Amino acid sequence: MTQAQALARVEQLIKETTAVITPTPRLDLDRPSLNVNSCLDPTDGGSEDRVVIARSYYLRDIPREQVPEVARQVEQYWKQQGHYIGAVSANGLNISGRSRPDDFLLSLAPTGDDDVLNIGVTSPCVWPNGTPGPSSAG
């Protein structure tokens with residue numbers, strides 16, 4: 001998988017999830033999530049020359065009293081898609097999991113004041129161009 005393919009999958013997971021939310025949120029990009037990050041601590045034993053692609057968005061225009069219901073909708077949708085849900089907080093607002101079958105990290109979390117949720121997706125480690133460069137092969 002290339003960096004571009006990973007970004008497309010990240011965006012697809014976010015768009016498909018937010019499409020089922022009622023009321024429809026306005027997606028507000030969390031700008032720091034535009035950064036491409038190094039694959040530090042690769043748990044698969046692979047090269048640290050790889051990168052991870054992440055995006056997160058604030059879900060705006062959801063009335064405060066509907067935030068818990070929106071979190072339930074997201075959790076239910078992820079389960080219906082066959083994704084693995086690893087943890088849900090006691091209040092139901094923090095949800096983490098992994099997409100199936102491709103193992104992208106999924107997260108939903110409230111911001112500091114609990115009336116805005118943030119949805120994020122992070123790719124597994126990928127080679128920027130899909131394969132190791134000449135200096136990494138061998």
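Of the 138 residues of the protein chain, 38% count as buried, where buried means under 20% relative accessible area, exposed means over 50%, and partly exposed lies in between (1.4 Å probe, protein chains only). The structure is a predicted model, in which local features need pLDDT of at least 70 and side-chain atom pairs count only at pLDDT 80 or more, while totals for chains, interfaces and linings use all residues. Residues are numbered from 1 along each chain as its sequence is written, and side-chain values use heavy atoms, with hydrogens and water left out. The accessible surface of the protein chain comes to about 7500 Å², and 49% of this surface belongs to carbon and sulfur atoms; the areas come from the Shrake-Rupley method with a 1.4 Å probe, and for residues only the protein chains shown count as cover.

The protein chain contains 2 helices and 8 strands. Here helices (H or I, at least four residues) and strands (E, at least two) are DSSP runs, numbered from the N terminus. Read from the N terminus on, the order of elements is α-β-β-β-β-α-β-β-β-β. The radius of gyration is 16 Å, close to the 14 Å that the globule rule gives for 138 residues, so the protein chain is as compact as a globular protein of that length. This radius is taken over C-alpha atoms, and the globule rule is 2.2 Å times the number of residues to the power 0.38. Along the principal axes, the C-alpha atoms fill a box of roughly 55 × 25 × 25 Å. Contact means heavy atoms within 4.5 Å, and among contacts between residues at least 6 apart in sequence, 61% join residues at least 24 apart.

Which residues of helix 1 are buried? They are A6, R9, V10, E11, L13, I14, T17 and T18. An α-helix has 3.6 residues a turn, so residues three or four places apart point the same way. The buried residues of helix 1 pack against strand 1 (26-29), strand 4, helix 2 (67-80), strand 7 (105-110) and strand 8 (117-122). In helix 2 sits Q73, which counts as buried at 14% relative accessibility. Not counting residues up to four places away in sequence, Q73 touches V20, I21 and T22.

The pairing of the strands comes next; two strands pair if DSSP finds at least two bridges between them. Strand 6 (residues 95-98) and strand 7 are antiparallel, with 4 bridges, and G97 has L106 of strand 7 as its bridge partner. These two strands form a hairpin with 6 residues between them, and D103 in the turn has a positive phi of about 65°. Strand 7 also runs antiparallel to strand 8, joined to it by 6 bridges. Here S107 stands opposite G120, and P110 has L117 as its bridge partner.

Strand 8 is mostly covered, with 5 of its 6 residues buried. Strand 8 also pairs with strand 4 in the antiparallel sense, over 6 bridges, and one of the bridge pairs is A54 with T122. Strand 4 spans residues 54-60 and includes L59, which counts as buried at 1% relative accessibility. Leaving aside neighbours within four places in sequence, L59 is in contact with T18, I21, P25, R26, L27, L108, V116, L117 and I119. L59 and L29 are 30 residues apart in sequence, yet their C-alpha atoms are 9.0 Å apart in space.

A search of the whole structure finds 1 disulfide, defined as a pair of cysteine sulfur atoms within 2.5 Å. The disulfide joins C39 to C125, with an S to S distance of 1.8 Å. It links distant parts of the chain, 86 residues apart: C39 lies in the loop between strand 2 (37-38) and strand 3 (51-52), and C125 in the segment after strand 8. The torsion about the S-S bond of C39 and C125 is about 75°, so the disulfide is right-handed. Is C39 buried or exposed? C39 is buried, with a relative accessible area of 1%, whereas C125 counts as partly exposed at 25%.
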